[in-house]
Amino acid sequence: MNYSCTAYELKCNECGKRFGNQPLSACPDCLAPLEVAYDLEAARGVFTREAIAAGPPSIWRYAALLPIPAGYQPDLPVGFTPLIKANNLGKRIGATNLYIKNDAVCFPTLSFKDRVVSVALANAQRFGFDTVGCSSTGNLANSVAAQAARLGIKACILVPAELEAAKILNTQVYGARLVRIDGNYDHVNRLCSQIADEYNWGFVNVNLRPYYAEGSKTVGYEIAEKLGWRLPDNVIVPMAGGSLIRKIRKAFQELVYLGLVEEKHVRFFGAQATGCSPISQAVKLGNDFIEPQRPNTIARSLAIGNPADGPAASQMIRATGGWAEDVSDVELVSGMQELAETEGIFTETAGGVTTAVTARLYAHGRISPDELTVACITGNGLKTTDALTGHYREERAVRPRLADFDAYLRELDGAAEPELAAVGGTHGN
């Protein structure tokens, strides 16, 4: 398949200066972040519903509006994850038209970060980097390590020392060099910026960030396509750095401009953990600036105290008439359990945040029950099982006898009979 992309280049958000294509994330003149700008008029003939439908069941069906180098032939089936009607969760929280975008099953490492990494590494190869890396709160580390291994590129990944053990293991298993830093994500990210300059490595969320961030647009494309080429009324998105929520909106705007969907006002809602909620607080206070916070939450994948895209995310959310909420660690754990119990989706702590915030938005009347609403689940619960430690007891073993099983069920239902001998008791077999 021809994966050629529409013409694109880096452009400064503030002064409009263009920089072609190079590993650069900020404008040298005004220090504003750079974004990828496309020739959308040229895309009209190639980015169509028919062309997309003929493409592979992955993010590469949208290649015409992704920044991938000429001749690049991706072979990882990343993305194109399920969008499911959440009827059971909806009944519990008072929603009749709620959908879940489930990136907890994204290939290959079970988070939406697989999307952004695949685009970033395509450009890392283009720019000739022999080593790639990232600063990460977990999911990004997993994805960079896995995809670098497949491409035969060396990887060096820096993470906060207190990262969940499962996410550290899920990085090391791919053979990446992992460095634990005695500090939070913001400390790690600053160090990575210095390393990128000193070592001339391709850091996906530093000098490759503009390309990396574009991968998030595919979440928006998929939502629209899986809804039958229409836009929802509301989208609820977990926020760490603040990029994902903005890129979903960018995807919607591109689809409207190119005539693939009808224009519609979509409200965006951000979700954070109270222990690290700088963007949520900015929205609530009506601020376009971010007051940095020191992270203190078990939702480590969202624990960025000084988010790079925070100011733009706050401004965008308010401009759409949306809102942002944050929930406690106790609430987010309940959110993880509620999503699993109602929809059979085991999400990580960030997904617990999204679920708990979604429930609150309905409870407070910020979203009407019948509005078409999509909540984004961005990672898998197998990565953060430590958050559930102590919430489920280990049941005793029951002897392999039907009578014992029947009695045990009565016991669980609160109708216990005389004491039932467990395995290892003194009665005979």
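**Ala70**

I began with Ala70, which is exposed at 80% relative accessibility (exposed is over 50% relative accessible area, buried is under 20%, partly exposed is in between, with a 1.4 Å probe and protein chains only). I find Ala70 in the loop between α2 (49–53) and β4 (83–85); helices (H or I, at least four residues) and strands (E, at least two) are DSSP runs numbered from the N terminus.

**Ground rules**

I am working on a predicted model, where local features need pLDDT of at least 70, side-chain atom pairs count only at pLDDT 80 or more, and totals for chains, interfaces and linings use all residues. Residues are numbered from 1 along each chain as its sequence is written, and side-chain values use heavy atoms, with hydrogens and water left out.

**Whole protein**

I get 15 helices and 13 strands. The radius of gyration (over C-alpha atoms) is 23 Å, close to the 22 Å that the globule rule gives for 429 residues, so the protein is as compact as a globular protein of that length; the rule is 2.2 Å times the number of residues to the power 0.38. Along the principal axes, I read a C-alpha trace of about 80 × 50 × 45 Å.

How much of the protein counts as buried? I get 57% of the 429 residues. For contacts (heavy atoms within 4.5 Å), I looked at those with a separation of 6 or more: 70% come from residues 24 or more positions apart. The accessible surface is about 18000 Å², and carbon and sulfur atoms hold 49% of it; the areas come from the Shrake-Rupley method with a 1.4 Å probe, and for residues only the protein chains shown count as cover.

I noted 41 positive and 46 negative side chains, with the centres of the two sets 3 Å apart. Lys and Arg count as positive, Asp and Glu as negative, and His and the chain ends are not counted. Each charge is placed at NZ of Lys, CZ of Arg, CG of Asp or CD of Glu.

**Cysteines**

How many disulfides does a search of the whole structure find? I get 0, taking a disulfide as a pair of cysteine sulfur atoms within 2.5 Å. For Cys5, the nearest cysteine sulfur is that of Cys106, 20 Å away. For Cys30, the nearest is that of Cys12 at 3.3 Å, and Cys30 is in no disulfide. I have Cys30 down as partly exposed, at 34% relative accessibility.

**Helix α9 and what follows**

I went through α9 (residues 217–226) next: 9 of its 10 residues are buried, so the helix is largely enclosed by the rest of the structure. Among the buried ones are Lys217, Tyr221, Glu222 and Glu225. Glu225 comes in at 14% relative accessibility, which is buried. Leaving aside neighbours within four places in sequence, I see Glu225 in contact with Ile52, Arg61, Tyr62 and Phe80.

Just after α9, Gly228 has a positive phi of about 80°. Trp229 is not a glycine, yet I read a positive phi of about 55° there. Trp229 sits in the loop between α9 and β10 (234–238) and is buried at 13% relative accessibility.

**Loop between β5 and α4**

Which residues are joined by a cis peptide bond? I find Phe107 and Pro108, with omega about 5°. Pro108 is in the loop between β5 (98–102) and α4 (113–126). Leu110 is found in the loop between β5 and α4 too, and has a positive phi of about 70° despite not being a glycine. I logged Leu110 as partly exposed, at 30% relative accessibility.

**Thr378**

Buried or exposed for Thr378? I have it as buried, with a relative accessible area of 6%. Thr378 is in the loop between β13 (373–377) and α15 (402–412). Not counting residues up to four places away in sequence, Thr378 touches Leu110, along with Asp103, Ser111, Phe112, Pro238, Leu244, Glu348 and Ala350.

**Ser243**

Ser328 is 85 residues from Ser243 along the chain, and I get 22 Å between their C-alpha atoms.
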